Amino acid sequence: MMNIPYVEDSKREEKYREMERLGQELKVPVPGAFLQIEVFDGQANRIHAHRQRSHSWNRNAYNWFFTMATTTKVLGSSFSDGNLTARTTNGEVRSGDFNMFSYDVPAYLASAGISNYGIVVGSGSEVEDFNGYKLSSLIANGTGAGQLTYQIGGSPSVTWDAPSLTFSANWVRYFNNNSGGDISINEVGLVGHFHIAFAYTSTLYVLVSRDVLASTLNVPDTGQLKVTYTINMTYPE
Amino acid sequence: MNKITYIEDPELEAKYKTMERLGSELGVPVPQTYLEVKVLDNQGRTIHAHRQRSHSWNRNAYNWFYSQFGQLQNVGSTFGPGAITIKDTGGSIRVANVCIFINTPWLGYKANAGQYDRGIIVGSGNEAEAFDCYSLQSVISHGTGAGQLDHAASDLPLRSWNDSSRIFSATLARFFNNNSGGDVDVNEVGLVAGAIRADSASDRCALVSRDVLASTVTVPDTGQLKVTYTIEIAYPE
């Protein structure tokens, strides 16, 4: 299996393309996100591959973008309509005199063995929820039953496509299954470690996107899972 | 004259609305930006008032937003296609060795009284809008001399949530008083982020949007100009 099938619903894909085309024409920055998943068996044969749109920038991501573009701070104290807060992966709602950003270390960069930020995966299949702040059932790092070994989530590869005037950044992470059994994957998330203090003294983990897969993927024992998020933006002419 | 005339071209407006509707439907944060210009005479009567789309997020804005959303740093060193840098209002290119961010969020577009290098600024130039622009063509300086305007401190942004449209809005306003002894013509309006950081611990001033007005707006002697930017994002249902 060499080609990676693109599985996005064709009608939805048309809408994405129309929105992005209008963004380029009207000079409005519209972020795009794709998710690619590959599974390899113990002999490094690719046994599954697909690519799709990532559908689920959540409330954290919207609040982040809004406060960034308007350069304003957090508003309110709950994680709901009319408030501009961040909810961390441990459920804490952050409010007060701060904004959410990352600067020195990219927020999606994760060390080996770390399963609380960067690209993370889970076994839960609860429907996507705009107010979601964590995976439904995060798969922990390790070699025990139901665990995956999280590899380093390194710096992204960034490309510029001159004809389409599009930047693309690929964030990639590998997960090895040394658990002794198959592991089922149903959800994928992107968790940033953000500074969300006014004096950027603290770093907290914030889920900005969670996608539930169309069907369960099994990573066989001694197999490997590769997840790639591509975040792009098309610039005006 | 109390009515504010909305002057956006209907065809363009329809495109904006389509793009925004698609953003809401697809769960993609799409910023909507409006510009309102109002002129009062010395009796406090409104002699000009119009509202339009702000058309011109520029390369600085795209690079800033994309650097944050994609969590990217060290991408190129020029100010042009394929590079993610900031060009400050002095014309210096700031290589992004950190993810581009606003250091003091609340102050991002804030300007103190008399400051005309940040916040909402106005100018007399009417060169066509350019994606690579980094300064107004001819900024109107602060003062009471010929061709000058007295720059008031910018208001803190007002934010509001509309439950039915699911839109968060931030309104940024600034007043300019004409005590120059003559009329002052305004042709361009800009938004300068005054505390943006890309390459060091120093805050930089970076123009992120510049609109050339459809026709010259004249501020009479002892009159007042009010410029309002409204930045909105529609949240998904």
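In the predicted model, 60 residues of chain B are in contact (heavy atoms within 4.5 Å) with 61 residues of chain A. The buried area between chain B and chain A is about 5,700 Å², taken as the accessible area (1.4 Å probe) lost on putting the two parts together, summed over both. Carbon and sulfur atoms give 71% of that area. In chain B, the residues losing the most area to chain A are Tyr62(B), Tyr66(B) and Phe69(B). Together they account for 15% of what that side buries.

Three salt bridges (a side-chain nitrogen of Lys or Arg within 4 Å of a carboxyl oxygen of Asp or Glu) link chain B and chain A. Glu25(B) forms a salt bridge with Lys15(A), with the closest N and O atoms 2.4 Å apart. Several elements of chain B each supply at least two residues to the side that touches chain A, among them α2 (59–69) and β10 (167–177). Helices here are DSSP runs (H or I) of at least four residues, and strands are runs (E) of at least two. α1(B) gives the most, with nine residues. By class, this side of chain B divides into 38 nonpolar, 14 polar and eight charged residues. Nonpolar means Ala, Val, Leu, Ile, Met, Phe, Trp, Tyr, Cys and Pro; charged means Asp, Glu, Lys and Arg; the others, Gly among them, are polar.

Residues are numbered from 1 along each chain as its sequence is written, and chains are lettered from A and ligands numbered from 1 in the order written. Local features need pLDDT of at least 70, side-chain atom pairs count only at pLDDT 80 or more, totals for chains, interfaces and linings use all residues, and side-chain values use heavy atoms, without hydrogens and water.
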